[in-house]
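Reader: I have a structure to go through with you. Can we take it piece by piece?

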Amino acid sequence: LSFGSFAQSNPKVFTQGLFSIANNEDVRSLETAMRSIPSLNVVRLDFNTQRFFVLKNDATPITEDDVKSWFGNHANSVSCIQIGVHGQDEVKSFPFTDCQ
C-alpha cells in the first residue's frame, strides 16, 4: 500500500514510438546524445525494431515537439508517438498496430 502511494506521489512521464534510421551507428550516437539530456532518466532506442522508449525524471509534460527535438536531424523519422504517465497509462506492446 505504501509503495502505491510512493509511486503516485512521484509520477514520471514516458514516451514511446517508432523511428526509421537505416544506420545502426547513427542510432547508437543518437541514443548516447539523448542519454546526456539531464531530464531524461531512461533512453532506449532499438535498431532492430526501430522502436524507442524514453522515461523522464519527473511529471513535466512531454509534447511531440519535445520528442522530435531529442531526435535532432532524425526528427522526421519519428512516428507513432505515445505519451503517458508511467505506472498509470499503458505502455503499448510492439508491434504498434493502431498508429495514426
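Reader: Is Arg 35 buried or exposed?

Author: Arg 35 is exposed, with a relative accessible area of 52%. Buried means under 20% relative accessible area, exposed over 50%, and partly exposed in between, using a 1.4 Å probe and protein chains only.

Reader: What should I know about the model before going on?

Author: The model is predicted, with local features needing pLDDT of at least 70 and side-chain atom pairs counting only at pLDDT 80 or more, while totals for chains, interfaces and linings use all residues. Residues are numbered from 1 along each chain as its sequence is written, and side-chain values use heavy atoms, with hydrogens and water left out.

Reader: Back to Arg 35. Which side chain does Arg 35 meet in a salt bridge?

Author: The side chain of Glu 31, at 3.4 Å, N to O. A salt bridge here is a side-chain nitrogen of Lys or Arg within 4 Å of a carboxyl oxygen of Asp or Glu. Arg 35 and Glu 31 both lie in helix α2, four residues apart, about one turn of the helix.

Reader: And which salt bridge joins Glu 31 and Arg 28, at what distance?

Author: Their side chains meet at 2.4 Å, N to O. Both residues are again in helix α2, here three residues apart, about one turn of the helix. Glu 31 is buried at a relative accessible area of 9%, whereas Arg 28 is partly exposed at 30%.

Reader: How many salt bridges does the whole structure have?

Author: Three, from a search of the whole structure. One of them is between Asp 58 and Lys 56, the closest N and O atoms being 3.7 Å apart. Asp 58 is partly exposed, with a relative accessible area of 30%, and Lys 56 counts as buried at 7%. Salt bridges that share partners join Arg 28, Glu 31 and Arg 35 into one network.

Reader: Change of topic. What is the secondary structure count?

Author: Three helices and four strands, in the pattern α-β-α-β-β-α-β along the sequence. These are DSSP runs numbered from the N terminus, helices being H or I with at least four residues and strands being E with at least two.

Reader: What order do the strands take in the sheet?

Author: It is an open sheet of four strands, β2-β3-β1-β4, with antiparallel pairing. The edge strands are β2 (40-46) and β4 (79-85), each pairing on one side only. From one strand to the next, the twist averages 10 degrees. Two strands pair if DSSP finds at least two bridges between them.

Reader: How many bridges join β1 to β3, and to β4?

Author: Five bridges join β1 (residues 13-18) to β3, and five join β1 to β4. Gln 16 stands opposite Phe 53 in β3, and the bridge partner of Gln 16 in β4 is Gln 82. For Gly 17, the partner in β3 is Phe 52.

Reader: How many residues of β1 are buried?

Author: Six of its six residues. Val 13, Thr 15 and Gly 17 point one way from β1, and Phe 14, Gln 16 and Leu 18 point the other way. In a regular strand the side chains alternate between the two faces of the sheet.

Reader: Which side chain makes a polar contact with Gln 16?

Author: The side chain of Arg 51, at 2.6 Å. A polar contact is a pair of N or O atoms within 3.5 Å; within protein, one must be able to donate a hydrogen and the other to accept it, and residues adjacent in sequence count only if both atoms are side-chain atoms. Arg 51 lies in strand β3 (residues 51-56).

Reader: Last one: what share of the protein is buried?

Author: Buried residues make up 35% of the 100 residues.

Key
Axes fitted to C-alpha atoms, helices over the stretch in contact; angles between N-to-C directions.
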